[in-house]
Structures are given as structure tokens and as C-alpha cells.
Amino acid sequence: MERKLKPAWPQRRARHLVALDAEVTCEAGHVVGSLVSDLSLEGCCVTGTYRIGEWLQVRMPRIGNLRGQVRWSMGKRSGLRFVTVADR
């Protein structure tokens, strides 16, 4: 019987290369200007250095407010995973 191996990383949704101005509010309440790129239904990349695990609020014109958790941070870029109903 052949067993299928589960991939180490779950398959990611389609990502869109964008350059959207945004405001990021960190846990401490500081609001900073940011640029959103690599946007998908599950997350995005923002400019700025944040702690892995930190929760951020991202406000983008015409899209609205999205809450996400920092999953990685390298240099002056950080990757967020947006909150879903299952995460609450």
C-alpha cells in the first residue's frame, strides 16, 4: 500500500504583486505608514520590521482593515497571515 506524504508547507493561495499604501497599527498602538505587496486572501507582505507572532491591524484604502499575525520578518519586510473565522 502506497502512502501519500503530506507536504511540509501547506499549498499557498494565488498571490498578487501589488504596491498599496497602507497604515499599520502594532500591538502597542503605534501607527506607521507602510507599503503592502504580495497580497493574497490569506496574507500579505508589508514594509516594516515587526516581531514574529505580533498582531497587526493593516488599513488599506478601498480594501479596509485587516488583522494579521506576523509569520516572518527579514530586513525591512514582514509577512502577515490574516485572521480567519477559524482563528478566533
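**View 1. Glu-27, Arg-51 and Glu-54 form a network of salt bridges.** A salt bridge here is a side-chain nitrogen of Lys or Arg within 4 Å of a carboxyl oxygen of Asp or Glu. This is a predicted model: local features need pLDDT of at least 70, side-chain atom pairs count only at pLDDT 80 or more, and totals for chains, interfaces and linings use all residues. Residues are numbered from 1 along each chain as its sequence is written, and side-chain values use heavy atoms, with hydrogens and water left out.

**View 2. Arg-51 pairs with Glu-27 and with Glu-54.** The closest N and O atoms of Glu-27 and Arg-51 are 3.1 Å apart. Glu-27 sits in the loop between β1 and β2 (31-37), and Arg-51 in the loop between β3 (43-47) and β4, so the pair ties together parts 24 residues apart in sequence. For Glu-54 and Arg-51, the N to O distance is 3.9 Å. Glu-54 is buried at 7% relative accessible area; Arg-51 is exposed at 52%. Buried means under 20%, exposed over 50%, partly exposed in between (1.4 Å probe, protein chains only).

**View 3. Glu-23 and Arg-59 meet in a salt bridge.** Their N to O distance is 3.3 Å. Glu-23 lies in strand β1 (20-25) and Arg-59 in strand β4 (55-60), so parts 36 residues apart in sequence are tied together. Strands (E, at least two residues) are DSSP runs, numbered from the N terminus.

**View 4. Cys-45 is buried, at 1% relative accessibility.** Its sulfur is 7.2 Å from the closest cysteine sulfur, in Cys-44, too far for a bond. A disulfide needs two cysteine sulfur atoms within 2.5 Å. The count of disulfides is zero.

How values were computed:
Helix = DSSP H or I, 4+ residues; strand = E, 2+ residues; numbered from the N terminus.
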